[in-house]
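Here is a brief report on pockets and salt bridges in one protein model. Look over the sequence and structure first.

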Amino acid sequence: MTNTAPISTCDLCDAHKGDDSGTFWVLPPVFQCYGAVTAFHGPVSTVKCFEDNTLVKAAVEQPGQGRVLVVDGGASLRRALVGGNLAASAARNGWAGIVVNGCVRDVAELAVEQIGIRALALMPLPTEKRGEGLSEVAVQIQGVWVRPGDWLYADADGIVVSSRELP
């Protein structure tokens with residue numbers, strides 16, 4: 001199940017602009033769009049890793065069930081955590097999207113995959129495979145805490161995160 005019905009992040013922000021409950025956040029506007037799907041949403045699954053995409057590969061090989069994989073790569077601009085093969089695996093396995101606090105590669109391959117992909121930048125260098133990292137933990141993405149089970153909504157205007165599914 002992939003969540004492709006458009007939900008406007010602007011509308012969500014309008015509805016929650018006075019929300020001081022600490023359950024609605026907007027990610028800074030530093031992410032670029034690389035996948036063929038420009039608007040996506042779903043419950044969050046997380047990976048925390050640094051220049052090692054072993055756990056990212058393991059995650060996207062599992063059934064995505066419409067989830068969004070949020071990858072905290074420590075904002076490293078030295079190695080790509082997602083490339084064409086992992087994007088294809090994620091799309092094939094039903095992930096709605098991938099948000100990488102770091103880099104991706106294989107831009108032409110990413111652009112045709114039926115999945116939403118956001119990342120800080122492109123970097124042709126692959127990662128080292130050391131088997132390091134953590135899955136399903138709270139991660140800090142550009143100063144915003146994102147937790148497994150939160151809901152992420154992305155479109156051309158930006159990315160928002162909520163502690164619960166929004167109508």
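## Salt bridge partners

Lys-48 is partly exposed, with a relative accessibility of 36%. The model is predicted. Lys-48 forms a salt bridge with Asp-72, and the closest N and O atoms are 3.4 Å apart. Lys-48 sits in strand E3 (residues 40-48) and Asp-72 in strand E4 (residues 68-72), so the pair ties together parts that are 24 residues apart in sequence. Asp-72 is buried, at 5% relative accessible area.

## Other salt bridges

The count comes to six salt bridges. One of them joins Arg-78 to Glu-51, with the closest N and O atoms 2.7 Å apart. Arg-78 lies in the loop between E4 and E5, while Glu-51 lies in the loop between E3 and helix H2 (54-60). They are 27 residues apart. Arg-78 is exposed, at 51% relative accessibility. Glu-51 is buried, at 10% relative accessible area.

Arg-130 and Glu-132 also meet in a salt bridge, at 3.2 Å from N to O. Arg-130 is partly exposed at 39%, and Glu-132 is partly exposed at 43%.

## Largest pocket

This pocket has a volume of about 220 Å³. Its lining holds 19 residues; Asp-155, Ala-156, Asp-157, Gly-158 and Ile-159 lie nearest its centre. Helix H1 (9-16), strand E2 (32-33) and strand E12 (158-162) each give two or more residues to the lining. By type, the lining has 12 nonpolar, four polar and three charged residues.

## Second largest pocket

Here the volume is about 190 Å³. Of 14 lining residues, Asn-53, Gly-83, Leu-86, Arg-105 and Lys-129 are closest to the centre. Strand E5 (80-82) and helix H3 (84-92) each give two or more. The lining divides into five nonpolar, five polar and four charged residues.

Definitions and conventions
Residues are numbered from 1 along each chain as its sequence is written. This is a predicted model: local features need pLDDT of at least 70, side-chain atom pairs count only at pLDDT 80 or more; totals for chains, interfaces and linings use all residues. Side-chain values use heavy atoms; hydrogens and water are left out. On a 1 Å grid over the protein atoms alone, a cavity is a set of points where a 1.4 Å probe fits but cannot get out, and a pocket is an open set with protein on both sides within 12 Å along at least five of seven lines; lining residues have an atom within 4 Å of a point. Grid points are joined across faces, edges and corners, and a volume is the space filled by probe spheres set on the points. Helices (H or I, at least four residues) and strands (E, at least two) are DSSP runs, numbered from the N terminus. Ala, Val, Leu, Ile, Met, Phe, Trp, Tyr, Cys and Pro count as nonpolar, Asp, Glu, Lys and Arg as charged, and the others, Gly among them, as polar. A salt bridge is a side-chain nitrogen of Lys or Arg within 4 Å of a carboxyl oxygen of Asp or Glu. Buried means under 20% relative accessible area, exposed over 50%, partly exposed in between (1.4 Å probe, protein chains only).
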